[in-house]
Amino acid sequence: MKIDPWSSTTYQDYSRLRDEFGIEEFSEDLYKFLPHPHRLLRRGVIIGHRGFSQIKDAIQNKKSWAILTGLMPSGKMHLGHKMVIDQVIYYQSLGADINIAVADIEAFATRDYTLEQTREYAINEYIKNYIALGLKTEKCRIYFQSKNQDAKDLAYLLGKKINWSQMQSTYGFIGSTSMAHIFSPLIQTGDILHVQLKKYGGGRPTLVPVGVDQDPHIRLCRDIAQAHRLYNVTITKDNRIGVFIKIDENIEKLLDNAEKILNKLQFTKINRITDYKAIYINDAKKEDIPLIDEALVKTEPFFGGYGFFTPSSTYHRFITGLTGGKMSSSNPESAIFLTDTYEQAKKKIMNCKTGGAVTLEEQKKNGGKPDECVIYELFLYHLIEDDNELMQIYNDCKNGKKMCGQCKKYAAELMEKMLIDIQNKRKTAEGKIKKYLE
Ligand code: TRP
Ligand code: SF4
């Protein structure tokens, strides 16, 4: 199996994704410590992650950290797209630096849009809605891929350590794939890593919240970040912890530097073997590796390295479309757009697929299936903040105490409130856009 980030597959089998690709489960201990964990985190909508413990450590120990995510400006913004920005706004409230890439080059390269068309979508759909939803200007920048020379330069330079076979096996590119398309994952790597350049805040933990379809890009980017490290801290086959130099220049200096850092971290049983370009730390434990690695990565820029922290990611599950399949801009009946009128939204909700039984009697007797109900999903993802209220609906549905007609009406009411609020705030968003754009 391959994950294709440009297809319309929804990838429902999340446990298989985890087993096959090494995505880790987003377990309770990763968000329980947060102040008011966001509903998407606490309700299991975030189904997996890579390296989130690095972000947890940054939040807990008040270290600086960044968010980088991207938007695809190729259509209208709907509830599925809202999930990313909901998380971003939450992370902004926790103190993260926010960076948002407008993927205009990717939209140009992988779909049939001109850069001008994508600009229109980016501004009128995404950015205005982001502002209406509450994205703040402090520590926040939105940029266009096509206008950011640093991200593009990195894309090119970092491509040095990835070859065609790897690209082919990750993405299934074939002979007729255009070069622009082939290059676009590297642009995304440039997006993710450029926020760690000195000019943008330097090396630090960076979280990329995305849908699981983006995992191939994340794997590529993490591999590339690691490939450019100067130090590798690892546990050897014979169970020792070692620091290894990955390049052939400056070996003595890099070993000196590592020794100094290990001393500062109070390790004393240090065994330096210059021929192996290695230092073994006999009094270190496996749990010490992240700490040692963090201290070392920060010094890499002094020796000509980039000093990239390996970026972390979280993956959200996709919201189901109102017609049962994928929620997609190209099928307006399947999606609720943030610019839909109340009447449009209500109509889609009223026609929507539920987990109700065929007849009312049967539903009263056997209950409904909230787990298979799109209305319930709307509550869970977007409309109901109070966990107790949500649970009540869940139970009432299962016990046959709630009927779908009533539920749909309530969903339509809540949706109206949400849409009116967004649309009111959109009115003043236009004048604020400049403050966000770099
Ligand atoms: N590829 C992403 C999409 O299809 C958009 C994107 C571009 C992105 N650069 C990014 C996402 C960096 C996360 C991080 O939606
Ligand atoms: Fe869905 Fe509500 Fe019907 Fe239950 S009662 S199946 S939650 S619409």
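Biologist: Which residues lie nearest the centre of the largest pocket?
Modeller: This is a predicted model in which local features need pLDDT of at least 70 and side-chain atom pairs pLDDT 80 or more, whereas totals for chains, interfaces and linings use all residues. Residues are numbered from 1 along each chain, chains are lettered from A and ligands numbered from 1 in written order, and side-chain values use heavy atoms without hydrogens or water. The pocket (an open set of points on a 1 Å grid over the protein atoms alone where a 1.4 Å probe fits, with protein on both sides within 12 Å along at least five of seven lines; lining residues have an atom within 4 Å of a point) is lined by 44 residues, and nearest its centre lie Met72, His81, Arg111, Asp213 and Gln214.

Biologist: How much space lies in the largest pocket?
Modeller: Its lining has 20 nonpolar, 18 polar and six charged residues. The space that they line comes to about 1000 Å³.

Biologist: Which element gives the most to the lining of the second largest pocket?
Modeller: This pocket, with a volume of about 840 Å³, is lined by 27 residues. Helix 3 (52–60), helix 10 (215–227), strand 7 (231–235) and helix 12 (289–297) each give two or more. With six residues, the element that gives the most is helix 12.

Biologist: Where does ligand 2 sit?
Modeller: The residues around ligand 2 (those with a heavy atom within 4 Å) include Cys373, Cys397, Cys404 and Cys407, together with Lys402. Ligand 2, with more than half of its atoms within 2 Å of the grid points, sits in the largest cavity.

Conventions: Grid points are joined across faces, edges and corners, and a volume is the space filled by probe spheres set on the points. Ala, Val, Leu, Ile, Met, Phe, Trp, Tyr, Cys and Pro count as nonpolar, Asp, Glu, Lys and Arg as charged, and the others, Gly among them, as polar. Helices (H or I, at least four residues) and strands (E, at least two) are DSSP runs, numbered from the N terminus.
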